[in-house]
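Please consult the sequence and the three-dimensional model displayed below. The briefing is intended to be read beside them.

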Amino acid sequence: MAFASVSGCALIAVACVLPMLLSRIRAPLGADEGYLWFGVQQLLRGRLPHRDFRSYEPGRYAWCGAFALVLGRDLVVLRVATHVFFACALCAALFVLQGMGVGWAGLCAASIALTVLAHPQHKQFEHGWMLVAWACNTAWLLQPSLANLAMASGATGLALFFGFNLFLYFGAALATTLVLGFASGRALLDLDAVRIAAIAGVVGMGPFLLLLASPGFARQFLRRRVSGVVARGEANLSLPLPWPWRAVPAQLRNLDPARQQAFAWIFAALFAVPVVAGLWAWFAPQAFDGMAAGVLAAAALAPWVGHHAASRADPPHLTQAMGPLCLVALLVAAAFAPMAMWLVAAFAAWLAWPLQHMAHQRRFPGDYTRIAAGRIDIDCPHAQARIFHAASQLAEGAARDALYVAPAYPALYAHLSRDTPVYDTFPLYPADAPAQREVIEAMERVAVRAALISDAPIDGRDALRFSNTHPAVWAHLHAHFDASRRTDLGEDVYVFTRAVEA
């Protein structure tokens with residue numbers, strides 16, 4: 001029976017994820033996805049994330065790298081790998097939903113809702129790990145055995161291998177879930193529970209802890225993921241919070257008015273609705289017809305995941321934080337009006353449709369140029385295609401690491417299968433003098449021949465122009481290279497070339 005249930009859930013997950021993957025397979029290569037793809041290439045060349053290049057945590061590179069070793073290092077393989085990860089996590093969540101009494105039709109609706117909200121495509125690890133955390137915590141609330149506790153704690157520890165922020169969010173969510181479970185009398189807090197949770201958590205963190213022994217890894221990890229964040233005072237480039245009672249912020253203005261308001265109200269609901277539903281499930285669990293554990297687990301997860309939306313409140317980050325809210329809506333519908341789960345799915349599809357490449361391409365078919373990306377052709381905005389072409393010309397005939405691009409062009413390194421001459425491939429934040437000296441020394445050490453730099457204001461902020469975040473590097477480029485402004489490549493884009501000595 002369990003095999004049949006898992007098989008059915010897997011079939012539903014694949015049936016939803018596969019069309020989403022196919023709809024995205026030719027989507028443009030964005031900066032963040034290029035950052036991920038470049039890291040996979042570097043790992044396969046024997047370099048270690050954090051230690052040797054700026055990166056996410058190593059787990060996602062290891063996952064995608066395993067696919068690349070078997071299927072090739074193309075962009076299409078990267079996209080397949082990320083969606084397979086999400087499909088596995090979605091299957092786990094559907095299996096837990098079924099265990100709470102959700103029927104097959106409801107599982108189909110839930111799968112559609114959760115899949116269409118899994119945006120953008122290179123962030124399937126964030127969406128997938130959120131579902132894994134919820135499924136494990138819910139399983140423990142449903143049956144608070146030591147085995148389920150070990151599974152939840154071990155999964156939380158393993159999340160560190162994929163994302164430090166994921167580990168913090170899910171660790172806080174697990175702690176909240178345990179408090180709810182022990183306080184409600186669902187489980188007893190004893191020495192065995194503490195011991196099992198601690199051991200499983202350390203085992204889960206094992207892959208990451210092993211990397212800490214690699215010389216240089218711990219120093220760069222602490223520098224980038226801890227001290228750097230503390231010094232900046234923010235985990236991401238912040239944007240105005242889209243509270244519904246405020247004017248619509250710039251990051252939502254590309255959406256139609258109805259979706260602008262929807263995202264604004266969803267931002268408020270991310271924090272309020274799961275907590276209200278969680279309190280309801282706490283004081284009246286019988287009202288939820290077996291769904292109370294899932295509601296409590298989602299409510300325990302929501303405030304922490306909500307931080308991700310608040311750190312940069314644009315549609316991609318909002319959708320990455322919507323999982324707990326979506327699960328609460330699905331569970332409330334399953335408990336009181338199962339057919340309403342399809343309304344949740346329909347709303348999620350309506351909300352997420354304009355964020356998809358397919359929607360924009362259908363609306364503006366003349367905005368794209370098709371370019372080769374390994375074994376597939378992808379659609380790129382005309383300006384981006386011109387940048388790819390210009391970077392290819394600059395790199396032609398040069399050493400593998402003789403091209404420097406900044407600040408938001410890691411996709412160029414990946415697309416050209418190039419190494420970076422510097423450590424930081426995504427230099428968006430203001431750099432201090434020692435960090436800028438490192439960049440200059442690295443460029444001189446490898447004899448960089450050309451650079452492609454955008455000096456446009458990021459998020460419309462002049463303080464985040466490259467000339468302001470890295471003034472010493474900017475001055476060095478102007479002093480030692482011939483500069484030409486290339487407005488055909490985009491606003492404030494410059495090409496720097498250095499003559500080759502005879």
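The points that follow are grouped by topic.

This is a predicted model, in which local features need pLDDT of at least 70 and side-chain atom pairs count only at pLDDT 80 or more, while totals for chains, interfaces and linings use all residues. Residues are numbered from 1 along each chain as its sequence is written, and side-chain values use heavy atoms, with hydrogens and water left out. A search of the whole structure finds 20 salt bridges, and the second largest pocket holds about 860 Å³ of space.

**Salt bridges**

- A salt bridge is counted where a side-chain nitrogen of Lys or Arg lies within 4 Å of a carboxyl oxygen of Asp or Glu.
- Side chains of opposite charge can pair when their charged atoms come close.
- Asp419 is paired with Arg45 in a salt bridge, with 2.7 Å between the closest N and O atoms. This pair links distant parts of the chain, 374 residues apart: Asp419 is in the loop between α19 (410-416) and α20 (433-445), and Arg45 is in the loop between α2 (31-44) and α3 (58-71).
- Helices (H or I, at least four residues) and strands (E, at least two) are DSSP runs, numbered from the N terminus.
- Asp419 is buried at a relative accessible area of 9%, whereas Arg45 is partly exposed at 27%. Buried means under 20% relative accessible area, exposed means over 50%, and partly exposed lies in between (1.4 Å probe, protein chains only).
- Asp462, Arg465, Arg485 and Asp492 are linked in a network of salt bridges.
- Within this group, Arg465 forms a salt bridge with Asp462, the closest N and O atoms being 3.0 Å apart. Asp462 is partly exposed, with 46% relative accessibility.
- Asp492 forms a salt bridge with Arg485 at 2.2 Å between the closest N and O atoms. Asp492 is buried, with 9% relative accessibility.

**Nonpolar surface patch**

- Val14, Leu18 and Leu22 make a nonpolar surface patch of about 280 Å².
- Patches are made of residues with over 30% relative accessible area and no salt bridge; like charges are joined within 9 Å, and nonpolar side chains (Val, Leu, Ile, Met, Phe, Trp, Tyr) within 5 Å. Accessible areas come from the Shrake-Rupley method with a 1.4 Å probe, and for residues only the protein chains shown count as cover.
- Leu18 belongs to helix α1 (residues 2-24) and is partly exposed, at 44% relative accessibility.

**Second largest pocket**

- On a 1 Å grid over the protein atoms alone, a pocket is an open set of points where a 1.4 Å probe fits, with protein on both sides within 12 Å along at least five of seven lines; lining residues have an atom within 4 Å of a point. Grid points are joined across faces, edges and corners, and a volume is the space filled by probe spheres set on the points.
- The second largest pocket, with about 860 Å³ of space, is lined by 34 residues, of which Arg223, Tyr423, Asp424, Ala435 and Glu438 are the closest to its centre.
- Helices α11 (217-232) and α20 each supply at least two residues of this lining.
- The lining comprises 15 nonpolar, five polar and 14 charged residues. Here Ala, Val, Leu, Ile, Met, Phe, Trp, Tyr, Cys and Pro count as nonpolar, Asp, Glu, Lys and Arg as charged, and the others, Gly among them, as polar.

**Backbone geometry**

- Most residues other than glycine have a negative phi, and most peptide bonds are trans.
- The peptide bond from His119 to Pro120 is cis, with omega near -5°; Pro120 lies in the loop between α5 (104-116) and α6 (124-142).
- The peptide bond from Ala406 to Pro407 is cis, with omega near -5°; Pro407 lies in the loop between β3 (403-406) and α19.
- His50 has a positive phi, near 70°. The residue is in the loop between α2 and α3 and is buried, at 0% relative accessibility.
- Ala447 has a positive phi, near 55°. The residue is in the loop between α20 and β4 (450-454) and is partly exposed, with a relative accessible area of 44%.

**Helix α18**

- His382 lies in helix α18 (residues 382-395) and is partly exposed, at 31% relative accessible area. The C-alpha atoms of His382 and Cys326 are separated by 36 Å, and the two residues are 56 residues apart along the chain.
- Arg386 lies in helix α18 and is partly exposed, at 39% relative accessibility. Arg386 and Arg370 are 16 residues apart in sequence and 11 Å apart in space, C-alpha to C-alpha.
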